[in-house]
Amino acid sequence: MTHGETSGGFEKSAGWLDWYDGPRTPTFRVPEGAVDAHCHVFGPGDRFPYAPERKYTPCDASADQLLALRDRLGFDRSIIVQATCHGADNSALVDALQRSGGRARGVATVRRDVTGEQLAELHEAGVRGVRFNFVKRLVDRVPTDSLHEIVAKVAPLGWHVVIYFEAEDLPDLYDFFSAIPTDVVVDHMGRPDVTKDPNGPEFALFLRFLRENPNVWTKVSCPERLSVTGPRALDGQQHAYTDVVPFARRVIEEFPDRVLWGTDWPHPNLTDHMPDDGLLVDYIPRIAATPALQRKLLVDNPRRLYWPEGA
Ligand SMILES: O=C(O)/C=C(\CC(=O)C(=O)O)C(=O)O
């Protein structure tokens, strides 16, 4: 399959930026056994059609292309997260998990009427969590009683809940999130506004959320999505996304055992640039400054959450 294509008769959303083809080999060597803890597969549309209720149509990004990127960047394993363009049809995700030969685990989207049998099949394929998305441009709001029902169904399997929301919505969602009994993983530090002070009240609420809830973890990923002043991870830039660094450093230093990092490949819905994933990996030592922190972020933490049985 070629880069930049969307198959199956689908047409990419207007202005769609395709993932970066041919990323450079990172200068930073990730530690052995490192896990890319946030990435997606899209289609291909001719095998895994995009969901009718989707809010965007992406460029195809197949499992084989994802696994090739994993190898190029030096990662050993991947956590593949169901994206909203596939709705609650997890077949592309399951196919990718199967192709990984046990070197990927998944986070699915399910509806309240999901059956025990369907959950058991997802578990067998390697799914270990469900994602609740509260970003308004991506999904229609799902009532919280339905989310409670889903939590009650997946908790006995030992699964966790991944939550994706924007910082301005945390005050309203705080109590609901705090009541989730399973482990909870926040996507992209709850999307802080990085033009604000990392020591100011908005980010303080997010830090308080982590402090008060020892079952809450966070991904410190997606500087390319959060950054306002860049510079962008392109053309050999070794100091990309400087404005996001203090936020991620703060979280990693206070909660070193509850942080995860992922590429977010193939970077859906970016509007102003598409990063070179090799340079994105070079951002990691700027937020996790020591080998000990890098090891926790990239190896120990994701393995504890996704491969608790070891191996
Ligand atoms: O890739 C991400 O994490 C972020 C996304 C897409 C997404 O989450 C989805 O479609 O489910 C975004 O902000 O558009």
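**Labels and their grounds**

Analyst: Proline 266 is placed in the loop between strand 8 and helix 9 (277-281). Helices (H or I, at least four residues) and strands (E, at least two) are DSSP runs, numbered from the N terminus. The model is predicted: local features need pLDDT of at least 70 and side-chain atom pairs count only at pLDDT 80 or more, while totals for chains, interfaces and linings use all residues. Residues are numbered from 1 along each chain as its sequence is written, and side-chain values use heavy atoms, with hydrogens and water left out.

User: What kind of peptide bond joins tryptophan 265 and proline 266, and what is its omega?

Analyst: The bond between tryptophan 265 and proline 266 is cis, with omega at about 0°. A cis bond also joins glycine 43 and proline 44, again with omega of about 0°. Proline 44 is located in the loop between strand 1 and helix 1. Most peptide bonds are trans, and most residues other than glycine have a negative phi.

User: Why is asparagine 269 placed in its accessibility class?

Analyst: Asparagine 269 has 24% relative accessibility, and therefore counts as partly exposed. Asparagine 269 belongs to the loop between strand 8 and helix 9. Its phi is likewise positive, about 65°, although asparagine 269 is not a glycine.

User: How do you know whether proline 52 is buried or exposed?

Analyst: The relative accessibility of proline 52 is 78%, so this residue counts as exposed. Proline 52 is in the loop between strand 1 and helix 1 (63-73). Its C-alpha atom is separated by 27 Å from that of arginine 191, which is 139 residues away along the chain.

User: What makes threonine 182 buried, and which residues is it in contact with?

Analyst: Threonine 182 has 7% relative accessibility and therefore counts as buried. This residue lies in the loop between helix 5 and strand 6. Contact means heavy atoms within 4.5 Å. Neighbours within four places in sequence aside, threonine 182 is in contact with Val151, Ala155, Trp159, His160, Val161 and Asn215.

User: Why are helix 5 and helix 6 called roughly parallel?

Analyst: The axes of helix 5 (residues 170-178) and helix 6 (residues 201-212) cross at roughly 5° and come within 11 Å. Angles under 35 degrees count as roughly parallel, over 145 as roughly antiparallel, 65 to 115 as roughly perpendicular and the rest as oblique. Helix 5 and helix 6 are therefore roughly parallel to each other. Their contact involves Leu170, Pro171, Tyr174, Phe177 and Ser178 of helix 5, together with Leu205, Phe206, Arg208, Phe209 and Glu212 of helix 6.

User: Which residues of helix 5 are buried, and what do they pack against?

Analyst: Leu170, Leu173, Tyr174, Phe176 and Phe177 are buried in helix 5. The buried residues of this helix pack against helix 4 (144-154), strand 5 and helix 6.

User: What makes strand 2 largely enclosed?

Analyst: In strand 2 (residues 77-81), 5 of the 5 residues are buried, so the strand is largely enclosed by the rest of the structure. Arg77, Ile79 and Val81 point one way, whereas Ser78 and Ile80 point the other way.

User: How do you know that strand 1 and strand 2 pair?

Analyst: Two strands pair if DSSP finds at least two bridges between them. Strand 1 and strand 2 have 3 bridges, in the parallel sense, and cysteine 39 stands opposite isoleucine 80 in strand 2. Strand 5 (residues 160-164) and strand 6 (residues 184-186) also pair in the parallel sense over 3 bridges. There, isoleucine 163 is opposite valine 186 of strand 6.

User: Which strands are called edge strands, and on what ground?

Analyst: The open sheet has 8 strands in the order 1-2-3-4-5-6-7-8, with parallel pairing. Strand 1 (35-39) and strand 8 (259-260) are the edge strands, each pairing on one side only.

Note on methods. Axes are lines fitted to C-alpha atoms, for helices over the stretch in contact, and angles run from 0 to 180 degrees between N-to-C directions. Buried means under 20% relative accessible area, exposed over 50%, partly exposed in between (1.4 Å probe, protein chains only).
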